[in-house]
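Here is a short note to read beside the model. Keep the structure open and check each point as you go.

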Amino acid sequence: MTSQECTGALEGSQECTDALQQKLRALAGSGPDGFRQAYELARTLDVRLRLSGLDLSGIGRALVSVGDDLSGVSLRETDLRFCNLTRTNLAGADLWGADLTCSHLVEVDLRGASLWCARLVLTGFVRCDLRGADLRHTDLACASFVECIFDDDTDGAEARDLLLQQPGADKARKGVDVSD
């Protein structure tokens, strides 16, 4: 189905939605510029950008730069190793099973994000908002949290308990620097 055919189709046509999603995925996986174009196009068309399973590690450093709004985006099982995310909005994003190993997140909004089964090994979080985030079954080995915000709605007792066992965790919950 061509774009012109989709333009004339009734709103909500599943065939058009599927074709659009395929085109957006291909564009997003083509590199940093393609990702930005796909994201802006999805926002303009009010379509949820689904990037589940794409390997974005090769463009990770340029993938999300300062201040991007990726709220609600699906990044399920996506390879985001070595990404540097600064002032990025990932509120409500689906990061189920995503690999953020060795990534660095500064002032990232992860409120209500699903990090279920995500791999956050050696990931650094600085001044991130994790209120209401789902951290169940998340691999937090050697992850660090500095001045991060958590609340009692942060889902996943296992992750919360692990965080609270770290030295200075009571300060981390209040957003105080816990670095040594």
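**Salt bridges, rings and cysteines**

1. A search of the whole structure finds eight salt bridges. A salt bridge here is a side-chain nitrogen of Lys or Arg within 4 Å of a carboxyl oxygen of Asp or Glu. Please note that this is a predicted model: local features need pLDDT of at least 70, side-chain atom pairs count only at pLDDT 80 or more, and totals for chains, interfaces and linings use all residues. Residues are numbered from 1 along each chain as its sequence is written, and side-chain values use heavy atoms, with hydrogens and water left out.

2. Start with Arg119 and Asp139. They form a salt bridge, and their closest N and O atoms are 2.9 Å apart. The pair links distant parts of the chain, 20 residues apart. Arg119 sits in the loop between strand S2 (104-106) and S3, while Asp139 sits in the loop between S3 and S4. Strands (E, at least two residues) and helices (H or I, at least four) are DSSP runs, numbered from the N terminus. Arg119 is partly exposed at 39% relative accessibility. Asp139 is also partly exposed, at 29%. The cut-offs are these: buried means under 20% relative accessible area, exposed over 50%, and partly exposed in between (1.4 Å probe, protein chains only).

3. Next, look at Arg136 and Asp134. Their salt bridge has its closest N and O atoms 2.6 Å apart. Arg136 is partly exposed, with a relative accessible area of 29%. Asp134 is buried, at 11%. Elsewhere, salt bridges that share partners join Asp109, Arg111, Asp129 and Arg131 into one network.

4. Which residue forms a salt bridge with Arg131? The partner is Asp129, and the closest N and O atoms are 2.5 Å apart. Arg131 is partly exposed, with a relative accessible area of 35%. Asp129 is buried, at 11%.

5. Now the rings. The structure holds two aromatic pairs. In one of them, Phe125 and Phe145 are stacked, 4.6 Å centre to centre with 5 degrees between the planes. Phe125 lies in strand S3 (residues 124-126) and Phe145 in strand S4 (residues 144-146), so the pair ties together parts that are 20 residues apart in sequence. Rings of Phe, Tyr and Trp (its six-membered ring) pair if their centres lie within 6.5 Å; planes under 30 degrees apart count as stacked, over 60 as edge-to-face and the rest as tilted.

6. Are Phe125 and Phe145 buried or exposed? Phe125 is buried, with a relative accessible area of 2%. Phe145 is buried too, at 5%. Ring pairs also bring in Phe150, linking Phe125, Phe145 and Phe150 into a cluster.

7. How many disulfides does a search of the whole structure find? The count is zero. A disulfide is a pair of cysteine sulfur atoms within 2.5 Å. The sulfur of Cys128 has its closest cysteine sulfur in Cys148, 4.7 Å away, too far for a bond. Cys128 is buried, at 0% relative accessible area. Cys142 is in no disulfide either; the nearest cysteine sulfur, that of Cys102, is 9.8 Å away. Cys142 is exposed, at 63% relative accessibility.

8. Last, the chain as a whole. The protein chain has six helices and four strands. Along the sequence, the pattern is α-α-α-α-β-β-β-β-α-α. Of its 180 residues, 42% count as buried.
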